[in-house]
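Please read this briefing with the sequence and the 3D structure open. The points are grouped by topic.

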Amino acid sequence: MKKFGKILIEFLVVALCLVYLFPIYIVLVNSFKNRAELYENMLALPNSFSFEYFAKAMEKMSFLRAFGNSLIITVVSIAVIIVLASMTAWMFVRTDDRLSRILFMVFVATMIIPFQTIMMPMMQVMGWARDNLHIPMLNSLGGLIYMNIGFGTSMAVFLYHGFVKSIPVSLEEAATIDGCNKFKVFWKIVFPMLKPTTATVMILDVIWIWNDYLLPSLVLSSKSLRTIPLSTASFFGQFTIEWNLAMAGLMLTITPVIIFYLSAQKYIVKGVAAGAVKL
Amino acid sequence: MKKRRDKAWYALFVFPLVFIFTTVVVIPFIIGIGYSFISWDGMPLNEKKFVGFDNYIRLFADERFLTSAVHTVLFTICSVLLINLLGLIFALAVTGKLKVKNAARTMLFMPYLIGGLILGYIWKFIFTDVFKSIGQLTGWTKVFFSWLLDPEFALAAMMIVATWQMAGYIMIIYINGIQAMPEDVLEAAKVDGAGFWQTLFRIKFPLIMPSFTICLFLTLSNCFKIFDVNFSLTGGGPSNATEMMAMNIYNEIFSLNNYGYGQAKAIIFFAAVAVITLVQVSITKKKEVEM
């Protein structure tokens, strides 16, 4: 009897979790239906599995193009953030002078500034750079990547700084005596040891950059440069009346996220937990 | 000689990032303070007029802004409570002896990864058409109607979506705190005859205070600064009833083209975020127990 109760509780927990995820179920079932079937019953399973609406949504959203843009922006931004932030944080810890401490303080202090406080003047600065220095900062993937790097550094430097402090300096000293320069010491010896933090930074920044809407919406105006959130927003604006098509579009956008999550779940949960540090 | 070379290495390692960071964050922040003292419509050729503190004075008589501030505070308080309560319950449920705890964690955390904009769109469909159709099917039209058309229910809808998004995230942090609890202390409590509730309130809660500090900090600042869910779920409607501060600033600058005035709001917004989070961290930090 007691065993039966235990099994019942296990089932109950799973059932509750499934109920918790019912919004995703709603999106999934309705993305296969036609308009009439959707309005008949929004909670029911579809009668037929037609991929017609997925194909249509894919075309209307220029999904593959948006996916490619999002991928380029996310991968390049994160790669640069990791390279530059790890080098900077290491230098800050190993050169413990006033300059390092002040710079580090500035990095950490700015983490509290909301994006809304910076967005307008930042757009002015970038517009100025475009007009006077002829650098295409606005309406270009490169410009957006540059800004992502600027916004992502604080957190990354902060996390790396905490980790570097915990690794002993003796290995680096030995390598220096053997004739390695700082560049080699960092890339051959220090950077490999920073792997856990690198994973954390990567995970946190993927979640942030892949889903970011406001910054790309300000920077990118060309249709061909749209990221996934941007193309979803414009698609959704056009097709709110055709809910079945809108649901197919949403299903398309969340599928890559779910696949990414299920394939790297362990690292994601670990990274998110490790990134939740207090100031 | 060696010193100069060290300095060169330092510059090589640190300068690129400091440069990017300065141009993207530091300079805009500083000139943003300057912008808050001018009146300007955003057109490069039009005049930027210095108005002193006028923008800041105007702001305290701006009903739409003050309403958005009240709604933001209300939304933040309710959401922070809901998220932390639910997150803690989830965390306690999936750290026990259950066999399905890993599967449960996986499912509960998933919404966080989808991102506020998309979540807002998903729930928009649920709160409008799905609710309406459930209402028609069951006849419970008092509960199931289009929530987003009613000012109060629309605000509640925002809270529900924010909670759905962040509860799993907060759960992960509480799980970490619970797992870091020393076994022997719990064991000792059991031996001394402490019951479930006693253990929970007298032992477990004090021990997870550090996680609590972090969770409160994250939920407070995330909720206070919410934009994406607001943008996609309600768009600030009906008739600005759910316009949060972040969205109010965005609209003031980019829809109404009041660049200087909107920037003054943005500076006040920054000050509010800074004060709230710093006060919260200093209060909850005092309550943490040293092990």
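Helix 5 (residues 63-94) of chain A packs against helix 11 (residues 195-211) of chain A at an angle of about 145°, and their axes are 10 Å apart. This is a predicted model, in which local features need pLDDT of at least 70, side-chain atom pairs count only at pLDDT 80 or more, and totals for chains, interfaces and linings use all residues. Residues are numbered from 1 along each chain as its sequence is written, while chains are lettered from A and ligands numbered from 1 in the order in which they are written.

- Helices (H or I, at least four residues) and strands (E, at least two) are DSSP runs, numbered from the N terminus.
- Axes are lines fitted to C-alpha atoms, for helices over the stretch in contact, and angles run from 0 to 180 degrees between N-to-C directions.
- Helix 5 of chain A passes helix 11 of chain A in a right-handed crossing (left-handed if the near helix is turned anticlockwise from the far one by less than a right angle, right-handed if clockwise).
- On helix 5 of chain A the contact involves residues including A:Ser70, A:Ile73 and A:Thr74, and on helix 11 of chain A residues including A:Asp205, A:Val206 and A:Trp210; two residues are in contact if their C-beta atoms, placed from the backbone, lie within 7 Å.
- The residues of this contact between helix 5 and helix 11 of chain A divide into 9 nonpolar, 4 polar and 1 charged. Ala, Val, Leu, Ile, Met, Phe, Trp, Tyr, Cys and Pro count as nonpolar, Asp, Glu, Lys and Arg as charged, and the others, Gly among them, as polar.

**Helix packing in chain B**

- Helix 9 (residues 209-224) and helix 12 (residues 259-286) of chain B pack at an angle of about 170°, with axes 9 Å apart. That makes helix 9 of chain B roughly antiparallel to helix 12 of chain B (under 35 degrees is roughly parallel, over 145 roughly antiparallel, 65 to 115 roughly perpendicular and the rest oblique).
- The crossing of helix 9 of chain B with helix 12 of chain B is right-handed.
- B:Phe212, B:Leu216 and B:Phe224 are among the residues of helix 9 of chain B that meet helix 12 of chain B, where the partners include B:Ile276, B:Gln280 and B:Lys285. The residues of this contact in chain B divide into 9 nonpolar, 5 polar and 1 charged.

**Overall form of each chain**

- Chain A has 15 helices and 0 strands. Its radius of gyration is 24 Å, well over the 19 Å that the globule rule gives for 279 residues, so chain A is more spread out than a compact globule. The radius is taken over C-alpha atoms, and the globule rule is 2.2 Å times the number of residues to the power 0.38.
- The C-alpha atoms of chain A fill a box of roughly 75 × 70 × 35 Å, taken along the principal axes.
- Chain B has 12 helices and 2 strands. For its 291 residues the globule rule gives 19 Å, and the radius of gyration of chain B, 24 Å, is well over that, so chain B is more spread out than a compact globule.

**Between the chains**

- In all, 57 residues of chain A are in contact with 69 residues of chain B. The side of chain A that touches chain B divides into 43 nonpolar, 11 polar and 3 charged residues.

**UniProt annotations**

- An unreviewed UniProt entry lists "transmembrane region" for spans of chain A including residues 71-93 and 185-210. UniProt positions are given in the numbering used here, feature names are shortened, and annotations may be inferred rather than shown by experiment.
- Residues 71-93 of chain A are 100% helix and 0% strand, with end C-alpha atoms 33 Å apart.
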